[in-house]
Amino acid sequence: MAEDWTEGPWNRGYGNEVYQGEHYREGRARLVAICYPTNGTAEQHKEIFANARLIAAAPEMFRLLASIISRINYSSPETDEAFALLAKVRGREVKTPGSD
């Protein structure tokens, strides 16, 4: 299934930037996201770099979760939550039991 977002792989570039592909050093990659600090502390810079790494891993995490969950043929609170998360990422928010 083709998704609406920029195709992966995504990679963290120079600190707080996330690019599509691996050619950001040559200027041939598409910028996907930039994480900005609200202040200039070293702790916050560490946090925004971690956020950029997390965002860069998103396409792979989505693909892996979708692959794993497609093989499960039983229901549990965890599988229901995983199906709801995939739906949310696709823009089809689904309420899970107890999420009121």
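What follows is a short chat about a predicted model.

Colleague: What should I know before reading numbers off this one?
Modeller: It is a predicted model, where local features need pLDDT of at least 70, side-chain atom pairs count only at pLDDT 80 or more, and totals for chains, interfaces and linings use all residues. Residues are numbered from 1 along each chain as its sequence is written, and side-chain values use heavy atoms, with hydrogens and water left out.

Colleague: Which elements does the protein chain have, and in what order?
Modeller: Two helices and three strands. From the N terminus on, the order is β-β-β-α-α. Helices (H or I, at least four residues) and strands (E, at least two) are DSSP runs, numbered from the N terminus.

Colleague: How much of the protein chain is buried?
Modeller: 27% of the 100 residues. Buried means under 20% relative accessible area, exposed over 50%, partly exposed in between (1.4 Å probe, protein chains only).

Colleague: How do α1 and α2 cross?
Modeller: Their axes come within 10 Å and cross at roughly 135°. Helix α2 covers residues 77-89. Axes are lines fitted to C-alpha atoms, for helices over the stretch in contact, and angles run from 0 to 180 degrees between N-to-C directions.

Colleague: What do you call that angle between α1 and α2?
Modeller: Oblique. Under 35 degrees is roughly parallel, over 145 roughly antiparallel, 65 to 115 roughly perpendicular, and the rest oblique.

Colleague: Left-handed or right-handed?
Modeller: The crossing of α1 and α2 is left-handed. That term applies if the near helix is turned anticlockwise from the far one by less than a right angle; clockwise is right-handed.

Colleague: New topic. Which residues make the nonpolar surface patch?
Modeller: Leu-31, Ile-34 and Tyr-36, about 310 Å² in total. Patch residues have over 30% relative accessible area and no salt bridge; like charges are joined within 9 Å, nonpolar side chains (Val, Leu, Ile, Met, Phe, Trp, Tyr) within 5 Å. A salt bridge is a side-chain nitrogen of Lys or Arg within 4 Å of a carboxyl oxygen of Asp or Glu. Areas are Shrake-Rupley with a 1.4 Å probe; for residues, only the protein chains shown count as cover.

Colleague: Where is Tyr-36?
Modeller: In the loop between β3 (30-34) and α1 (42-69). Tyr-36 counts as exposed because its relative accessibility is 64%.

Colleague: And Ile-34?
Modeller: In strand β3. Ile-34 is at 32% relative accessible area, so it is partly exposed. Its C-alpha is 9.8 Å from that of Phe-49, 15 residues apart along the chain.

Colleague: Which peptide bond is cis?
Modeller: The one from Gly-8 to Pro-9 is, with omega near 5°. Pro-9 is in the segment before β1 (10-12). Gly-8 is partly exposed, at 26%.
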